[in-house]
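Let's take a walk through this protein together. Have the sequence and the 3D view ready, and follow along as we go.

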Amino acid sequence: DEMDVDTIWMDGEFVDWEDAQIHVLTHGLHYGTGVFEGVRCYDTEEGPAIFRWEEHLERFYQSCKPYDMEIPFEPEELTEATLELLRRQDLASCYIRPIAYYGYDTLGVSPGDCPTDVAIAAWPWGAYLGEDALENGIEVMVSSWRKHASSQIPTNAKTTGLYVNSLLAGEEARRNGFREAIVLNKEGNVAEGPGENIFLVRDGTIYTPGLSESILDGITRNTVIGLAEERGYEVNDTASISRGELNTADELFFTGSAAEVTPIRKVDNVVIGDGGRGPVTEELQQAFFDLVERRTDDHDEWFTYV
Ligand code: PMP
């Protein structure tokens, strides 16, 4: 669905949405050799503002490294392209999707002379897991699929190919009547969701799996850790969380640029806490939306105003 958007930035040019096309023998299509970002722009009292753009851009370039992929644009050029993309389409509240991938040249797995092609699209996108999810929480299933181990593929690089695993986990959960999955890592500990980090609250302390648990170093995860600490919570962000600990949590919630702060009310057959949005989750979710919608002056350095 194109909605009211009509332009995509592609390899240095603004092109019409329907002309943003690539060759079917594109390397990235065959082997998942692309990296991407998912970023939100919020319609704030100060005008449209992109949340933590600099950190997303930094992760975008870092994600290229294991693949020897070189984005043929300076960060400032991508920033300018994105701002112009939003202005041209009068986008205020929207989701921004930068992608870089090995393009068309050879179909050897070795990318040889394949160019690194880059595109940026943006479109309005509401609550990722549904409006109701933010208020009432979601029911999730512990997936039978395990997450890639970081010894098998860099899980801290946001690589397109990784999301085949996310699709398997998410669709398995939905086939079974759940909204989303929780994915365990190879060791059997809690890693994250298919496109979200996970937090657990127990006895007033907040826990989230550490970076060595084969997770993406989420920017919303980092934001929520900071918001919690500013509010006096003790946060353990190097936790190893066993599957069983999910059941005895007082609260669980997901974080992500798309998912924002989404409460989890049930895991498999087990009701979490009182079966709704818990008080700590609600406080942090409120703090998050107050921040991103600029109802506070805090952390203005995290915003790129359009
Ligand atoms: N884990 C995975 C696998 C993801 O795809 C995402 C979404 N980018 C996240 C965690 C959350 O990261 P962020 O808060 O940076 O969006």
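A charge is said to sit over a ring if NZ of Lys or CZ of Arg is within 6 Å of the ring centre and within 35 degrees of the ring normal. With that in mind, find R202: its charged end sits over the ring of Y207, 5.0 Å from the ring's centre.

A quick word on what you're looking at. This is a predicted model, where local features need pLDDT of at least 70 and side-chain atom pairs count only at pLDDT 80 or more, while totals for chains, interfaces and linings use all residues. Residues are numbered from 1 along each chain as its sequence is written, and side-chain values use heavy atoms, with hydrogens and water left out.

Now for rings meeting rings. Rings of Phe, Tyr and Trp (its six-membered ring) pair if their centres lie within 6.5 Å; planes under 30 degrees apart count as stacked, over 60 as edge-to-face, and the rest as tilted. The structure holds 13 aromatic pairs. One of them joins W123 and W125, a tilted pair at 5.8 Å centre to centre with 45° between the planes. How much of each is covered up? Buried means under 20% relative accessible area, exposed means over 50%, and partly exposed is in between (1.4 Å probe, protein chains only). W123 is buried because its relative accessibility is 18%, while W125, at 33%, is partly exposed.

F303 and Y305 have ring centres 6.4 Å apart and planes at 35°, so this pair is tilted. F303 is buried at 7% relative accessibility, and Y305 is partly exposed at 29%.

Time to zoom out. The chain is divided into domain 1 (7-123) and domain 2 (131-292), with bounds that come from an automatic or database domain assignment. Their centres, taken over C-alpha atoms, are 26 Å apart.

Where the domains meet, 20 residues of domain 1 are in contact (heavy atoms within 4.5 Å) with 20 residues of domain 2. Between domain 1 and domain 2 there is one salt bridge (a side-chain nitrogen of Lys or Arg within 4 Å of a carboxyl oxygen of Asp or Glu). R40 forms a salt bridge with E260, with the closest N and O atoms 3.5 Å apart.
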